[in-house]
Amino acid sequence: MAPRQAPTVRQRRFGAELRRLREGAGLSAPRAAELLGTDRTTISNVEAGRFGISEQRLRRLASIYECDDPSLIDALAEMTGGRSSGWWDEYRGKVPPDFLDVAELEHHAVALRTLQTAHIPGMFQLEDHARALFDLFIPALPRLEIELRIAQRLARHTVITKEPAVQYTGLIHEAALRMQVGGPRVARAQLEHLVRESERTNVTLRVIPFSAGGFPMAGDSVLYAHASSVHLDTAQVDAPTGAVFFDSPTQLANFRRRLDAVEQVALTAKQSRDAILEITKNL
């Protein structure tokens, strides 16, 4: 089996969890390989996300590591067999890899929580709004790359409409709603679209008003992807150099606590819808 040249975040996440299980069992990589009937290189490549393994081997490893969490084992089993093809693969090599990693995480999540303090959540951005954002890049992006980024961003909306649809909770600061990206006409259309999306049964949008003052993670752009097992959750934060991903239990617990704290200062879903309508009316 040839190793993957560029494992995705989801593939690396799978390997990282297997490494944690092995280390929790107090086993070295050579010893784990011996018990599995393979070589140390295979264990190392699987834990680095460079190799996939079959569901049968995964369950054998879980037994070797004495994992007694059926939900975690089943969730890991769903991730075996290599990378399944998704709509985002058509953009591979055409847009930044981070864009594809985020799309793959969103697609496989059972629930999503996001925090946006300066932008409308990506999966709800309209074409004109997204184009206005990409036009602000310095240095300027080539026109073809901008169009590819826009198409890929618009396609992310399928995570909201697919069956089964993901449960989505979005926290959006009032500043992001009042920023007239692309001018008043584009901003008005974008906010009207946001109101329509908030009416979906699987979508909850909550506004953080200026009156809330300071709050945890103010200024951050955060995505928290809930997996079918909490052990396989992943958090992602935007940074100037690209997306940064977090998966350690301590980091994930901290992200959950922080997002819970932000929800405490956000408006209710109904109050938030009314607030967006009021901002739209004044454009």
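Helix H6 gives the largest share of the lining of the largest pocket, four residues. This is a predicted model. The pocket has a volume of about 970 Å³. An open sheet of six strands supplies part of the setting, in the order E3-E2-E1-E4-E5-E6.

**The largest pocket**

- The lining counts 38 residues.
- Phe99, His119, Arg153, Ser221 and Asp238 lie nearest the centre of the pocket.
- At least two lining residues come from each of H6, E1, helix H7 (127-134), helix H8 (143-155), E4, E5 and E6.
- Helix H6 covers residues 97-108 and lies across strand E1 (111-116), E4, E5 and E6.
- The angle between H6 and E6 is about 40°.

**The sheet**

- Pairing in the six-stranded open sheet is mixed.
- Strand E3 (203-208) and strand E6 (242-246) are the edge strands, each pairing on one side only.
- From one strand to the next, the twist averages 15°.
- Strands of a sheet pair through backbone hydrogen bonds, either parallel or antiparallel.
- E1 and E2 run parallel and are joined by six bridges.
- Leu115 has Leu171 as its bridge partner in E2.
- E2 and E3 also run parallel, again with six bridges.
- Tyr168 has Val203 as its bridge partner in E3.
- Strand E4 (residues 221-226) and strand E5 (residues 234-239) run antiparallel, joined by four bridges.
- Leu223 has Gln236 as its bridge partner in E5.

**Burial in strand E2**

- Strand E2 spans residues 167-173, and five of its seven residues are buried.
- E2 is therefore largely enclosed by the rest of the structure.

**Ala111**

- Ala111 sits in strand E1.
- Its relative accessibility is 19%, and buried means under 20%, so Ala111 counts as buried.
- Leaving aside residues up to four places away in sequence, Ala111 touches Val166, Gln167, Tyr224, Ala225 and His226.
- Ala165 is 54 residues from Ala111 in sequence, yet the C-alpha atoms of the two are 8.9 Å apart in space.

**Helix H1 and what follows**

- Helix H1 has 16 residues, 9-24.
- At 1.5 Å a residue, H1 should span 22 Å, and its end C-alpha atoms are 22 Å apart, so the two values agree.
- The expected span takes 1.5 Å times one less than the number of residues.
- Buried residues of H1 include Val9, Phe14, Ala16, Leu18 and Leu21.
- An α-helix has 3.6 residues a turn, so residues three or four places apart point the same way.
- Just after H1, Gly26 takes a positive phi of about 70°.

**Helix H5**

- Helix H5 runs over residues 70-77.
- Leu72, Ile73, Ala75, Leu76 and Ala77 are its buried residues.
- These buried residues of H5 pack against H1 and helix H4 (55-64).

Key
Residues numbered from 1 in each chain as written. Predicted model: local features only at pLDDT ≥ 70, side-chain atom pairs only at ≥ 80, totals over all residues. Heavy atoms only, no water. Buried < 20%, exposed > 50% of the residue type's maximum accessible area, 1.4 Å probe, protein only. Pairing = 2+ DSSP bridges. Axes fitted to C-alpha atoms, helices over the stretch in contact; angles between N-to-C directions. Contact = heavy atoms within 4.5 Å. 1 Å grid on protein atoms, 1.4 Å probe; cavity = no way out; pocket = protein on both sides within 12 Å on 5 of 7 lines; lining within 4 Å. Points joined across faces, edges and corners; volume = space filled by probe spheres on them.
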